[in-house]
Amino acid sequence: MISLSWNSSVYAAVRTALALAFLAAGIIKIQNPMTFAATVDAFGILPGPLVLPTAFVLPVLEILGAAALLFDIRGSLGLITLMLLVFIAVLAWGQHMGLDIDCGCYGPGDPEAEAFSGIRSALRRDLLMLACAAALYAWRWFLGMRPASFATKYQSLKTLIWKEESA
């Protein structure tokens, strides 16, 4: 039988890896939102007026979701999973349409090196991350874990800081 502490450690490692992947993607995109907007526009899914707001909002959501997942806050895994499902749908549509563009997931890539493979490899990567999210849901169920709400995490941090200041 595998010990409970080992399962908790693996859960934390997978959760942290998934969060760091989203954190890196969000930070890279937010540094150059105009380049990301061009990538979003290249997929041709959104109407013109929604491209720029999406290029600004999506990286912020990725960063917030990643930060919340790092601290295992309730709802963060759901947000990450929802984003992954949207990304997979967009990438699958791009592959179906035969688009030869960079996915924009981790900033602009090398167009010559990624010709006709950038979307395919991004799709495989996102499917792997979706499998990690599914594993996290399974671990939560198996271990009987329930992430804390943001208010609970905030109150714990506030209490810890208050105790240190008064000591």
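Four salt bridges are found in a search of the whole structure, a salt bridge being a side-chain nitrogen of Lys or Arg within 4 Å of a carboxyl oxygen of Asp or Glu. The structure is a predicted model, in which local features need pLDDT of at least 70 and side-chain atom pairs count only at pLDDT 80 or more, whereas totals for chains, interfaces and linings use all residues. Residues are numbered from 1 along each chain as its sequence is written, and side-chain values use heavy atoms, with hydrogens and water left out.

One of the salt bridges joins the side chains of D72 and R15, with an N to O distance of 4.0 Å. D72 lies in the loop between α3 (48-70) and α4 (76-96) and R15 in helix α1 (residues 4-31), so this pair ties together parts that are 57 residues apart in sequence. D72 and R15 are both buried; buried denotes under 20% relative accessible area, exposed over 50%, and partly exposed the range in between (1.4 Å probe, protein chains only). A network of salt bridges links R15, D72 and R140.

A salt bridge is also formed between K29 and E62, whose closest N and O atoms are 2.7 Å apart. Because K29 lies in helix α1 and E62 in helix α3, the pair ties together parts that are 33 residues apart in sequence. Both of these residues, K29 and E62, are buried. In the salt bridge between D126 and R125, the closest N and O atoms are 3.9 Å apart. D126 is buried, with a relative accessible area of 2%, while R125, at 28% relative accessibility, counts as partly exposed.

The protein chain contains six helices and zero strands, where helices (H or I, at least four residues) and strands (E, at least two) are DSSP runs numbered from the N terminus. The order of elements from the N terminus is α-α-α-α-α-α. Of the 167 residues of the protein chain, 33% count as buried. The chain exposes about 9900 Å², of which carbon and sulfur atoms supply 71%; accessible areas come from the Shrake-Rupley method with a 1.4 Å probe, and for residues only the protein chains shown count as cover. Among contacts (heavy atoms within 4.5 Å) between residues at least 6 apart in sequence, 73% join residues at least 24 apart.

Helix α3 has 23 residues and reaches 34 Å from its first C-alpha to its last, close to the 33 Å expected at 1.5 Å a residue; the expected span is 1.5 Å times one less than the number of residues. A bend of about 35 degrees occurs in α3 at T54, the bend being the angle between axes fitted to the seven residues ending at a position and the seven starting there. Buried residues of α3 include V51, A55, L58, E62 and L69. D72, which follows α3, has a positive phi near 55 degrees.

Helix α5 (residues 118-143) comprises 26 residues and should span 38 Å at 1.5 Å a residue, which agrees with the 37 Å between its end C-alpha atoms. Among the buried residues of α5 are I119, A122, D126, M129, A133, W139 and R140. Just after α5, G144 takes a positive phi of about 70 degrees.

M34 is located in helix α2 (residues 33-43) and counts as exposed at 51% relative accessibility. The C-alpha atoms of M34 and A55 are 7.4 Å apart in space, the two residues being 21 residues apart in sequence.
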